[in-house]
Amino acid sequence: MCGDGVVYPESEECDDGNEFDGDACTSTCTLARCGDGIVQPGEECDDGNDVNTDACLEGCIYLRCGDGYV
C-alpha cells in the first residue's frame with residue numbers, strides 16, 4: 001500500500017511513508033525522475049513529456065534562445 005513506508009516490489013519503486021513529491025520518492029511510490037511531471041531539485045521545469053517544441057525541454061530545462069529548438 002503506497003504511503004505506508006513499506007516497499008512492495010511488485011507494485012512500488014519506493015515508499016518513504018509520506019505524500020511529499022519534492023523528495024526522491026513521489027506520492028505515487030515511484031522514483032522521482034525528469035519527465036514525471038513533478039519539478040524536483042536540479043530541474044528547472046518538468047512538464048511530464050519529452051517534447052522539445054514546448055517551453056520545457058527533455059532534460060527538464062527551460063527552452064531558451066540558442067538551444068537549437070524552435
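Is C2 buried, partly exposed or exposed? C2 is partly exposed, with a relative accessible area of 37%; buried means under 20%, exposed over 50%, and partly exposed in between, with a 1.4 Å probe and protein chains only.

Colleagues, this is a predicted model, in which local features need pLDDT of at least 70, side-chain atom pairs count only at pLDDT 80 or more, and totals for chains, interfaces and linings use all residues. Residues are numbered from 1 along each chain as its sequence is written, and side-chain values use heavy atoms, with hydrogens and water left out.

My subject today is the disulfides. With a disulfide taken as a pair of cysteine sulfur atoms within 2.5 Å, the count comes to four. Counting bonded cysteines along the chain, their pattern is 1-4, 2-3, 5-8, 6-7.

I begin with C2 and C29, whose sulfur atoms lie 2.1 Å apart. The torsion about their S-S bond is about 100 degrees, so this disulfide is right-handed. C29, at 3% relative accessibility, is buried.

Next come C34 and C60, also joined as a disulfide. Here the torsion is about 110 degrees, so the bond is again right-handed. C34 is partly exposed at 39%, whereas C60 is buried at 3%.

In the disulfide of C45 and C56, the sulfur atoms are 2.1 Å apart. Both partners are buried: C45 at 6% and C56 at 5%.
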